[in-house]
Amino acid sequence: MNTPYILASWSIVFGVLALYGLATVLRGRQLARRVPASERRWVDSQDVGGGGDG
Amino acid sequence: MTTQLASGAPGSPGLANPAEHGGGPGTGSRTTRALGVAALLGVAVFVPLGLVLSPEDVMQNDLVRMFYIHVPVAILAFVSCLVTGAGSFMYLWRRQLWWDTAACSAAQLGAVYTALTLVTGSLWGRPAWGTYWDWDARLTSTAMLMLLLLGYLALRKAPGTADSQAKRSAIVGLLLVPNVMIVRQSVDWWRSLHQPATINLLGNTRIGGTMLFCFVVGLAVMSLIWLWLLIHRFRVSWLEHQIDRLDLAGALLARRAEGQP
Amino acid sequence: MDDTSLFDGESTPDAGELPAMTDELDLTPRTTPAGGEGSGAARPSTVREAKGPRKGRGYVAAVVLVVLVAAGILAVKALGNATLYFYQADEAVAQKEELSTKRFRMLGFVDGAPVQRSSDGVLFSVSYGGTTVPVRHVGDPPQLFKAGVPVVLEGHWSADRSTFESDRILVKHTEDYVEKNPDRKTAADSAP
């Protein structure tokens with residue numbers, strides 16, 4: 001009887017956090033193109049020129 | 001959390017990278033990747049544990065499953081606000097934009113998590129209390145917190161130099177701290193519909209063993225996600241600052257060229 | 001190992017030497033030794049100049065502190081006034097005359113006595129602090145409503161002040177969570 005409320009609640013939380021995370025990462029990639037890697041000191045040397053992030 | 005944010009900063013090696021424009025992986029790093037993997041594994045454990053395997057409650061039946069998601073989200077909303085408060089304080093004291101960036105990033109997360117707290121609370125309230133919303137002390141003060149967070153984020157859009165903006169924001173950011181205290185204490189200070197705290201670090205915790213385990217797993221997993229988001233968000237803000245304040249392509253490269261012997 | 005700093009905006013090599021100046025946003029290329037000032041080139045106007053006077057900061061801090069305290073006091077006052085959220089059943093009985101047939105909220109524990117169904121709702125009683133109040137509720141009670149549960153009722157005293165006439169029941173569940181006994185759970189599940 002309460003299952004819809006529970007599922008709604010859980011999926012809203014994970015859904016919103018996933019979307020927010022995705023938006024943040026995408027924006028970060030977009031902005032990072034305009035900033036040299038030397039100014040992004042979290043970048044590992046092996047990553048330069050590479051693709052994905054977590 | 002704050003100490004970690006702070007102590008992470010000084011004395012980092014990471015300058016070795018000679019590349020000018022790494023096409024680069026955006027805001028990710030080894031740390032965030034490790035965090036992300038841990039968080040995803042955690043979610044894979046937490047969801048079946050919380051939604052299926054955990055026992056039902058004597059009074060609330062399956063509604064106890066709201067507890068595992070609502071309470072960690074609310075706790076992280078509080079933590080976000082406290083980080084914003086700490087960052088604001090440190091900015092006003094030390095005047096380093098690093099702190100302002102930390103405060104701003106945490107405030108964004110604070111707004112997301114406070115909104116999620118209100119939504120999950122509502123969805124719990126309807127079946128458990130019989131209403132989505134009521135103006136009791138806990139709910140009212142949480143709504144105030146949400147408004148203050150939105151005000152803070154709106155203020156950040158207002159025009160001004162980076163420093164005047166940081167100063168204004170820091171003053172509002174400090175207000176989040178008493179507001180969080182009020183939300184936290186509202187169920188003890190006043191008569192409210194919302195029940196008092198179940199998890200007390202100093203007193204007794206009023207929840208059965210398996211449920212407590214489930215909650216602890218949930219809190220750990222949600223904290224990992226929160227930290228992952230905070231780091232990425234911080235780096236995005238940091239990139240925004242860089243782009244705003246430097247005409248990077250031009251000024252920096254030009255000066256770098258100048259600096260070469 | 002390159003990764004030990006999570007947020008290392010501050011860690012320009014000269015961060016320690018020039019605390020007032022070296023915000024992380026120092027324009028100077030890393031290839032040149034410390035310090036961005038002096039070199040005349042395109043220094044953005046937004047880069048903060050070193051703030052000399054400490055007086056200014058103390059003033060700001062004091063103002064912030066005063067505002068904080070004032071806001072805190074105001075918030076507590078405002079919320080406190082708005083938060084006589086409910087009367088407990090014993091208080092509602094003691095203040096019958098002032099309350100008259102005014103609408104208010106009342107907290108009590110649902111008594112163990114069987115809840116009677118009336119044509120348009122339920123009849124039951126709630127107790128708090130040793131005082132018992134008979135309640136006539138119009139409408140269906142929420143699902144968690146049962147004997148022993150604390151409820152907040154919205155309504156008013158009947159004309160003769162004998163009964164609380166409620167039209168809204170909010171279940172104020174407690175902060176305690178107790179696992180259902182697995183045996184009882186299977187028994188309950190198999191029941192219709």
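Predicted model: local features only at pLDDT ≥ 70, side-chain atom pairs only at ≥ 80, totals over all residues.
## Chain B: an overview

In chain B, 76% of the contacts between residues at least 6 apart in sequence join residues at least 24 apart. Of the 261 residues of chain B, 52% count as buried.

## Helix α4 of chain B and its two partners

Two packed helices are described by the angle between their axes and the distance between the axes. Let's start with helix α4 (residues 97-128) of chain B and helix α5 (residues 137-157) of chain B, which pack at an angle of about 145 degrees with their axes 9 Å apart. Their crossing is left-handed. On the α4(B) side the contact is made by Cys104(B), Ala107(B), Gln108(B), Gly110(B), Ala111(B), Thr114(B), Ala115(B), Thr117(B) and Leu118(B). Facing them from α5(B) are Thr142(B), Leu145(B), Met146(B), Leu149(B), Leu150(B), Tyr152(B), Leu153(B) and Arg156(B). By residue class, this contact divides into eleven nonpolar, five polar and one charged.

The other partner is helix α6 (residues 162-189) of chain B, whose axis comes within 10 Å of that of α4(B), the two crossing at roughly 50 degrees. Because of that angle, α4(B) is oblique to α6(B). The crossing of α4(B) with α6(B) is left-handed. Here α4(B) contributes Leu97(B), Asp100(B), Ala103(B), Cys104(B) and Ala107(B), while α6(B) brings Ala162(B), Ala166(B), Ser169(B), Ala170(B) and Gly173(B). The residues of this contact divide into seven nonpolar, two polar and one charged. Cys104(B) and Ala107(B) are worth a look in the viewer: they are listed in the contact with α5(B) and also in the contact with α6(B).

## A closer look at Phe46 of chain B

Is Phe46(B), with its C-beta neighbours inside 10 Å counted, buried or exposed? Phe46(B) lies in helix α2 (residues 30-53) of chain B. It counts as buried because it has 23 C-beta neighbours inside 10 Å, where the cut-off for a buried residue is 20 or more.

Setting aside residues up to four places away in sequence, Phe46(B) touches Val217(B), Gly218(B) and Val221(B). Val216(B) is 170 residues away along the chain from Phe46(B), yet the C-alpha atoms of the two are separated by 9.9 Å.

## Chain C: helices and strands together

Chain C has four helices and seven strands. From the N terminus on, its elements run α-β-α-α-β-β-β-β-β-β-α. Buried residues make up 24% of the 192 residues in this chain. Among contacts in chain C between residues at least 6 apart in sequence, 44% join residues at least 24 apart.

## How the strands of chain C pair

A handy place to begin is strand β6 (residues 150-157) of chain C. Six bridges join it to strand β2 (residues 104-110) of chain C, and the two run antiparallel; within this pairing, Phe109(C) has Pro150(C) of β6(C) as its bridge partner. β6(C) also pairs with strand β7 (residues 164-171) of chain C, in the antiparallel sense over seven bridges, and Trp157(C) stands opposite Phe164(C) in β7(C). β6(C) and β7(C) form a hairpin with six residues between them, and in the turn Arg161(C) has a positive phi of about 65 degrees.

β7(C) pairs with β5(C) too, this time in the parallel sense over three bridges. Phe164(C) turns up again here, as the bridge partner of Val135(C). Strand β5 (residues 131-138) of chain C also pairs in the antiparallel sense with strand β4 (residues 121-128) of chain C, over eight bridges, and Pro134(C) in β5(C) is the bridge partner of Ser125(C). The hairpin of β4(C) and β5(C) has two residues between the strands, and Gly129(C) takes a positive phi near 55 degrees there. As you trace these strands, remember that in a regular strand the side chains alternate between the two faces of the sheet.

## Chain A in brief

Chain A has one helix and zero strands. Of its 54 residues, 48% are buried.

How values were computed. Residues numbered from 1 in each chain as written. Chains lettered and ligands numbered in written order. Axes fitted to C-alpha atoms, helices over the stretch in contact; angles between N-to-C directions. Left-handed = near helix turned anticlockwise from the far one by under 90°. Contact = placed C-beta atoms within 7 Å. Nonpolar A, V, L, I, M, F, W, Y, C, P; charged D, E, K, R; others polar. Pairing = 2+ DSSP bridges. Buried ≥ 20, exposed ≤ 12 C-beta atoms within 10 Å, placed from the backbone. Parallel < 35°, antiparallel > 145°, perpendicular 65-115°, else oblique.
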